[in-house]
Amino acid sequence: MKIALYKDQMIHLTKIERDQLQKIFLASQRGELSCPCCHQSVKLKISIHEPPLFIHPSQTFNCDEAIKALEEKHEATVNHSVGSFTLPSKREINGGVAMLHKTNDTVTGWKNPYEIRSIPPFKNHQTSSSEHKKYDVDDSQWEAISTTEGPLLVLAGAGSGKTRVLTTRTAYMLTEKKIASNRLLLVTFTTKAAKEMKKRMASFSGITERDLQTLVVGTFHSIFYKMLMHHQGALWQPNKLLKSDWQREQIIKEASRELGIDEKEFAFDQALSQISYWKNHILKPSKVRAETDWDEKVKILYERYEQTKQATQHFDFDDMLLGCYELLIDNASLLEKYQQRFSYILVDEFQDINKVQYEIISLLAKKTQNLCVVGDDDQSIYSFRGSDPSYILNFETDFPKAKIVTLNCNYRSHHSIVSSATNVITNNKKRKTKKVVAMTENMKRPLQFYPFDEEEEATMIVTDIKEKIENGARPRDFVILYRTNSSARAIFERLVASSLPFYLEQDGEAFYRRRTVRKALAYLKLSLYPDDQEAIKELLGAMFIKQSSLRDLKALSILHDCSLLEAMTKLTDIQVFQQKKIKKMIPLFKQLRNFSAVEALEWVEKEMGLSDYIKKNGNEGNVIDKGSDDLRDLKVAAASHDRVSDFLIHVDHMIAKSKELKGRPENEDSIQLMTVHRAKGLEFKTVYILSAVEGSLPHDYSLEAYREGDLTPLEEERRLMYVAVTRAMENLYISIPQKRRGKRAHPSRFIREMNTMI
Ligand SMILES: Nc1ncnc2c1ncn2[C@@H]1O[C@H](COP(=O)(O)OP(=O)(O)OP(=O)(O)O)[C@@H](O)[C@H]1O
């Protein structure tokens with residue numbers, strides 16, 4: 001039904017502004033809406049497949065006829081506002097956003113979902129022959145398995161059975177070729193993948209417990225670290241490993257103080273990534289060529305970072321690779337020993353290898369040349385960390401005797417998913433030509449849907465998952481993929497509100513703990529709690545006032561019997577322009593609490609100086625996550641809350657939930673939320689891709705590079721879309737919000753490509 005009662009007034013879906021829909025949804029979740037006929041509570045359902053509707057959650061009602069009459073009556077009436085919802089007096093058909101597939105009898109701007117149609121007819125591909133039936137592999141897979149001698153490049157399309165090939169090949173070498181298990185080295189990209197390989201290997205008949213124990217399977221780091229421990233144990237004690245980012249950050253923070261860099265405001269995370277990138281390229285500080293001011297600063301921090309580590313005998317993960325490389329090149333007899341020991345080397349995910357890893361593997365394989373590498377250049381997505389697809393693209397040049405086997409049968413995804421992925425990836429110029437074909441088809445095609453914004457996107461997806469689980473699906477069947485961690489905020493919040501089990505692997509700070517977000521929230525908090533110390537610290541940072549002023553503020557607040565916030569007007573040990581700014585700003589805090597949450601944030605940005613902070617420090621060196629984007633995201637989150645106080649309660653609740661989940665072990669049967677990067681190598685029955693719009697996927701930074709003539713980052717973004725699409729086994733849903741970060745969004749260019757048959 002299209003009508004419901006809210007605060008004793010009738011609301012009609014066709015008359016509601018689209019940007020109010022989410023608020024009505026939240027009100028309905030709180031049980032604030034009721035049926036105008038039977039007065040039972042009703043819910044607003046916002047789903048992917050059909051226009052929004054009010055529904056009776058209980059089965060016992062009989063209001064259809066009466067509701068129809070009421071709907072017709074109210075269709076003709078004019079409404080203005082109900083509670084905090086604004087209702088247009090005249091319904092706008094277009095609502096200011098592009099509408100491709102609009103319907104006229106529902107909320108403004110609603111667009112029906114749209115199936116991808118540019119799918120060629122499915123062809124049946126016969127593959128397997130009887131010779132290798134016992135391994136359950138096809139001809140090409142068999143060729144990759146049985147070619148054990150000499151360099152071999154297995155170019156494997158998405159879902160074509162790389163893991164199956166690697167495990168079967170290892171089993172074949174051990175059981176049929178009788179190669180001693182300790183002569184094999186199998187390198188995987190993640191610890192999870194290494195465990196999975198061992199688990200699968202155990203299921204082959206003929207493989208003994210001893211084989212599994214002596215076989216060296218692991219990540220580059222784990223294998224090379226063992227080598228270092230064996231030969232230089234004293235230098236590589238585990239207690240000297242800088243395991244966490246905060247430990248590494250601490251070192252460069254100290255160095256930054258000496259250099260006069262503002263500790264509170266510098267993007268240390270980016271600096272650490274840059275240092276890591278240089279190390280993976282075997283670039284010592286003296287060899288780095290700084291091209292920008294930022295590079296120059298980080299280069300100096302890099303120098304200090306290395307000096308400190310050396311002095312305290314600490315080491316980081318990158319040092320393990322560099323240390324192993326140096327160990328082998330400096331020690332010819334040791335190298336020879338390892339060349340003999342590991343006479344068969346297998347490397348998974350070879351498209352994401354970096355320079356130092358490649359150099360070590362090349363050294364080890366130099367003598368025997370028995371190097372089998374498996375990868376897909378179309379899935380190379382780690383160039384920001386130093387991995388370089390040119391190693392896979394140039395493998396035949398580096399190993400002229402290499403044999404190449406291409407695996408192009410996709411066993412994971414149905415035909416329409418594989419075709420959609422192919423439509424996109426074929427647009428990349430720098431790639432090896434290959435045509436991946438699906439082995440199965442079903443009638444379901446990938447579906448594009450058009451939420452109003454990020455909030456509605458999250459609501460639609462959670463509704464869809466809930467329905468599917470009610471119909472028998474398991475939570476573990478679902479994954480929600482996004483480009484950057486900050487995009488997970490809305491979906492996280494909606495899942496917290498639902499009772500569905502979910503797991504979010506956090507590799508960064510939770511959204512509300514991000515630097516710019518913390519600062520913006522501090523203003524709101526101080527408007528209500530002018531003595532909040534944490535918020536005051538953030539405010540000092542936002543105003544470029546040193547943190548030690550907090551001490552003075554505490555003393556001043558006692559002396560003048562005023563709040564910490566008011567005490568700021570009495571600070572003397574600061575610049576005159578800062579004193580003036582503070583005097584002007586402090587009275588404004590009182591007004592803030594009367595605004596809506598969004599208005600308050602606008603005010604903080606424009607009138608209270610947060611925009612100055614963002615301009616100066618929000619973006620420093622940060623190409624992926626900009627402070628100004630965080631503030632826009634924060635306004636989207638705030639839009640669902642009228643009062644500042646309500647929004648702050650919501651924020652605290654989400655911070656607590658996020659902490660709670662961080663410490664909780666992964667439940668195997670949960671909905672997964674992850675970045676596309678993390679989804680590499682995984683598969684799920686149903687995949688949702690968030691925000692397939694320009695600026696998100698492809699990311700803004702790649703579009704900027706493209707405008708400046710550099711195509712490389714955009715091609716990597718296209719590979720990310722390819723990886724995302726090819727994780728789906730049966731169902732693929734792609735979200736194309738009409739607005740993102742409060743602005744009109746444009747469908748991703750990859751969507752256009754997906755809808756164009758090659
Ligand atoms: N010969 C085969 N017959 C039937 N199923 C197969 C065969 N080879 C692989 N599969 C199945 O296809 C799916 C994809 O395999 P796998 O995960 O090994 O692919 P992949 O090449 O590593 O994929 P990606 O690179 O996209 O992560 C798995 O579910 C696997 O069991």
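This is a predicted model: local features need pLDDT of at least 70, side-chain atom pairs count only at pLDDT 80 or more; totals for chains, interfaces and linings use all residues.

Domains to begin with. The assignment gives domain 1 as 3–74 and domain 2 as 139–234 + 320–438. Domain 3 covers 242–314. Domain 4 is 447–501 + 667–755, and domain 5 is 512–647. How far apart are the C-alpha centres of domain 1 and domain 2? They lie 56 Å apart.

Now the ligand. Where does the ligand lie? Both domain 2 and domain 4 contribute residues to the shell around it, so the ligand sits between these two domains. The shell has 18 residues. Gln141, Gly159, Arg412, Glu683 and Arg727 are the closest.

Look at the contacts next. The side chain of Arg727 puts a polar atom 2.9 Å from a ligand oxygen. Lys162 uses its backbone: a polar atom there is 2.9 Å from an oxygen of the ligand. For Gln379, an N or O atom in the side chain is 3.1 Å from a ligand oxygen. How much of the ligand does the protein cover? On its own, the ligand has 650 Å² of accessible area, and the protein covers 85% of that.

Which elements give two or more residues to this shell? They are α4, at 162–175, and β15, at 409–414. The largest share comes from α4, with three residues. What about residue classes? Eight shell residues are polar, seven are charged and three are nonpolar.

Take the largest cavity. Its volume is about 250 Å³. The lining has 20 residues, and those nearest the centre are Leu504, Gln506, Glu509, Ala510 and Phe511. By class, the lining of the largest cavity has nine nonpolar, six charged and five polar residues.

The second largest cavity holds about 160 Å³. Its lining has 14 residues; Glu454, Ser486, Ser487, Asp633 and Ser691 are the closest to the centre. Here α17, at 454–470, and α18 each supply at least two residues. The classes for the second largest cavity are six charged, four polar and four nonpolar.

One more space: the second largest pocket. Its volume is about 1,100 Å³. There are 41 lining residues, and Phe25, Leu26, Gln29, Arg30 and Arg494 are the closest to the centre. Which element gives the most to this lining? That is α17, with seven residues. Other elements with two or more residues in the pocket lining include α1 at 21–29, β4 at 43–45 and β5 at 53–55. Helices α18 and α27 are also among them. The pocket lining has 16 nonpolar, 15 charged and ten polar residues.

Let me tie two points together.

Technical notes. Residues are numbered from 1 along each chain as its sequence is written. Side-chain values use heavy atoms; hydrogens and water are left out. A residue is near a molecule or strand if one of its heavy atoms lies within 4 Å of it. A polar contact is a pair of N or O atoms within 3.5 Å; within protein, one must be able to donate a hydrogen and the other to accept it, and residues adjacent in sequence count only if both atoms are side-chain atoms. Accessible areas come from the Shrake-Rupley method with a 1.4 Å probe; for residues, only the protein chains shown count as cover. Helices (H or I, at least four residues) and strands (E, at least two) are DSSP runs, numbered from the N terminus. Ala, Val, Leu, Ile, Met, Phe, Trp, Tyr, Cys and Pro count as nonpolar, Asp, Glu, Lys and Arg as charged, and the others, Gly among them, as polar. Domain bounds come from an automatic or database domain assignment. On a 1 Å grid over the protein atoms alone, a cavity is a set of points where a 1.4 Å probe fits but cannot get out, and a pocket is an open set with protein on both sides within 12 Å along at least five of seven lines; lining residues have an atom within 4 Å of a point. Grid points are joined across faces, edges and corners, and a volume is the space filled by probe spheres set on the points.
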